[in-house]
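Dear colleague,

Please find below the structure that I am handing over to you, together with its sequence. My findings follow directly after it.

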Amino acid sequence: MISLVFIVWKSRSSPGDWMAEHLAEFLGAVASAGALAFIAASMNIQARQTRSQELLTAFSLARGDLENLSRTIALTARLVVQTRANGEQGRLDYWESLFASGDRTAFTRLFGRGRRIKDCLKAKDSVPLHHHVRLFIQLFESVLALSREDELRGMLLKLPLGRAYSALKIAVDEDPDGRYLRSLEHLPRDVEDA
């Protein structure tokens, strides 16, 4: 708009004015600068969309493994069992039916804030659990590494598998600043009760 006002003003100025004689060049320069700014903005948007698509593709590829690992971790850590120590019926069948019916992140709801998993990791026979937890963390971090934008990282951490990742980071004592714990604060306090 300012350029248009300047052009109209200069076109009415005296005929000996240099700018009035070269008004077309000035108009071309302004239009070229505007076009370059538009091209740069378009390229930035396209690059961001490409990175987002790469992240979503990587997450889609890893999702099946992460879902299966969450089930394995829940069972290995005994977050849910078929029969409880006191002989009562456990809720394993319920969680298995959810998983089988398509709720592939059902077992992640048992991770809570990582307290029970952390306790299980301290046991002498916890080598398989350590392996599964580390594998889950490494796989999820490989997906997170593709994200340069904080919004995308935040979105991933809010998903059920991201919340499971946060709980596992707490369980392995890799949350010194409480960032992952803050991402789980909205969960109900009894979420670990299977």
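Phe107 sits in the loop that links α4 (92-100) to α5 (115-121). The model is a predicted one, and in it the relative accessible area of Phe107 comes to 0%. Because buried means under 20% relative accessible area, Phe107 is classed as buried. Leaving aside residues up to four places away in sequence, Phe107 touches Ser70, Arg71, Ala74, Leu75, Val80, Trp95, Glu96 and Phe99.

Is each of them buried or exposed? His132 is buried, at a relative accessible area of 19%, whereas His130 is partly exposed, at 35%. The reasoning rests on the cut-offs: under 20% counts as buried, over 50% as exposed, and values in between as partly exposed. The value of 19% for His132 therefore falls under the 20% limit.

The surroundings of the two histidines can be described as follows. His132 touches Leu69, Thr72, Ile73 and Thr76, where residues up to four places away in sequence are not counted. For His130, the C-alpha to C-alpha distance to Ile117 is 9.8 Å, with 13 residues separating the two in sequence.

Helix α7 consists of residues 150-158. The axes of α6 and α7 come within 11 Å and cross at roughly 150°. Angles over 145 degrees count as roughly antiparallel, and α6 and α7 are therefore roughly antiparallel to each other. Their crossing is right-handed. On the α6 side, the contact is made by Phe140, Val143 and Leu144, and on the α7 side by Arg153, Leu156 and Leu157. Sorted by class, this contact of α6 with α7 has five nonpolar residues, one charged residue and no polar ones.

What is the arrangement of α7 and α8? Helix α8 spans residues 160-171, and its axis comes within 4 Å of that of α7, with a crossing of roughly 85°. Since angles of 65 to 115 degrees count as roughly perpendicular, α7 and α8 are roughly perpendicular to each other. The α7 residues in the contact are Leu156, Leu157 and Lys158, and those of α8 are Pro160, Gly162, Arg163, Tyr165 and Ser166. By class, the contact of α7 with α8 has four nonpolar, two polar and two charged residues. Leu156 and Leu157 of α7 take part in the contact with α8 and likewise in the contact with α6.

Finally, some values for the protein overall. Its secondary structure consists of nine helices and zero strands, giving the pattern α-α-α-α-α-α-α-α-α along the sequence. The protein has 194 residues, of which 36% count as buried. Of the contacts between residues at least 6 apart in sequence, 63% join residues at least 24 apart.

With kind regards

Key
Residues are numbered from 1 along each chain as its sequence is written. This is a predicted model: local features need pLDDT of at least 70, side-chain atom pairs count only at pLDDT 80 or more; totals for chains, interfaces and linings use all residues. Side-chain values use heavy atoms; hydrogens and water are left out. Buried means under 20% relative accessible area, exposed over 50%, partly exposed in between (1.4 Å probe, protein chains only). Axes are lines fitted to C-alpha atoms, for helices over the stretch in contact, and angles run from 0 to 180 degrees between N-to-C directions. Angles under 35 degrees count as roughly parallel, over 145 as roughly antiparallel, 65 to 115 as roughly perpendicular and the rest as oblique. A crossing is left-handed if the near helix is turned anticlockwise from the far one by less than a right angle, and right-handed if clockwise. Contact means heavy atoms within 4.5 Å. Ala, Val, Leu, Ile, Met, Phe, Trp, Tyr, Cys and Pro count as nonpolar, Asp, Glu, Lys and Arg as charged, and the others, Gly among them, as polar.
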